[in-house]
Amino acid sequence: LKQCKKAEINDITVVVGYKAEQFECLKENYPDIKLIRNDNFNTQNNISSLYTAKDEIDRCYICEADLLLKDNNLIRKYEYETCFLGFYSEKSEDWCAKLRNGIIKTFKIGGKKVWQTCGISYWNLEEANKLRASLEKTYNSPGGKECIWDMAAFGKYGKHNIRVGIRQVNNNSITEIDNYSELCKLDKSYINYQ
């Protein structure tokens, strides 16, 4: 959120679910922030969060909420091409992509000589429109509610018509926090949290 403000991006939407009421305090520092409640957060995968906010997908960044951004220039005021932030890796056990002519052609868990994605993407107007259409089809298809949201871009309905590149970032510029112990390592003040 601080990086969005620094980049003069004030139209910010946060999808909340678990302990949604605890996010109300964000309005103190970000009075224009929109909080959208996803009531399916505990029964569906993260595609339900993006689906809940589908009307907000329009020339925007989509950011996962479990990320600590260490580089102050990851979010930029002007972005022109649809892209995932990522870094090249000889081997990855995480979500990663292979490119053809600068465009993501495969997206899966694990691989060699791949671009590991970092949970932040930017969508220009043309590709945002395609993403919304594919999101609708993916979410409402059999098994769609169990998908990660990225499958709207790279799954059955998106992979042949949505053009997404990679914007290279340093592999140390973003840290994903997957559990409580990882959070405590980054911020010792959480060690005594009840």
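1. The radius of gyration used here is taken over C-alpha atoms, and the globule rule is 2.2 Å times the number of residues to the power 0.38. For 194 residues a compact globule would have a radius near 16 Å, and the protein, at 17 Å, agrees with that. Along the principal axes, its C-alpha atoms fill a box of roughly 45 × 35 × 35 Å.

2. This is a predicted model, in which local features need pLDDT of at least 70, side-chain atom pairs count only at pLDDT 80 or more, and totals for chains, interfaces and linings use all residues. Residues are numbered from 1 along each chain as its sequence is written, and side-chain values use heavy atoms, with hydrogens and water left out.

3. Six helices and eight strands are present; these are DSSP runs numbered from the N terminus (helices H or I, at least four residues; strands E, at least two). Their order from the N terminus is α-β-α-β-α-β-β-β-β-α-α-β-β-α.

4. Of the contacts with a separation of 6 or more, 62% join residues 24 or more positions apart, a contact being heavy atoms within 4.5 Å. Buried residues make up 42% of the 194. Buried means under 20% relative accessible area, exposed over 50%, and partly exposed in between (1.4 Å probe, protein chains only).

5. The accessible surface is about 11,800 Å², with 48% of it belonging to carbon and sulfur atoms. Areas come from the Shrake-Rupley method with a 1.4 Å probe, and for residues only the protein chains shown count as cover.

6. Y180, Y190 and Y193 make a nonpolar surface patch of about 320 Å². Patch residues have over 30% relative accessible area and no salt bridge; like charges are joined within 9 Å, nonpolar side chains (Val, Leu, Ile, Met, Phe, Trp, Tyr) within 5 Å. A salt bridge is a side-chain nitrogen of Lys or Arg within 4 Å of a carboxyl oxygen of Asp or Glu. Y180 lies in helix α6 (residues 180-186) and is partly exposed, because its relative accessibility is 41%.

7. Zero disulfides are found in the whole structure, the criterion being a pair of cysteine sulfur atoms within 2.5 Å. For C4, the nearest cysteine sulfur is that of C63, 5.8 Å away. C4 is buried, with a relative accessible area of 14%. C147 is also in no disulfide, and the sulfur of C96, its nearest, is 18 Å away.

8. N124 sits in the loop between β6 (103-123) and α4 (125-139). Its relative accessibility is 16%, so N124 counts as buried. Beyond its neighbours within four places in sequence, N124 contacts R59, Y80, E81 and T82. E79 is 45 residues from N124 in sequence, and their C-alpha atoms are 7.9 Å apart.
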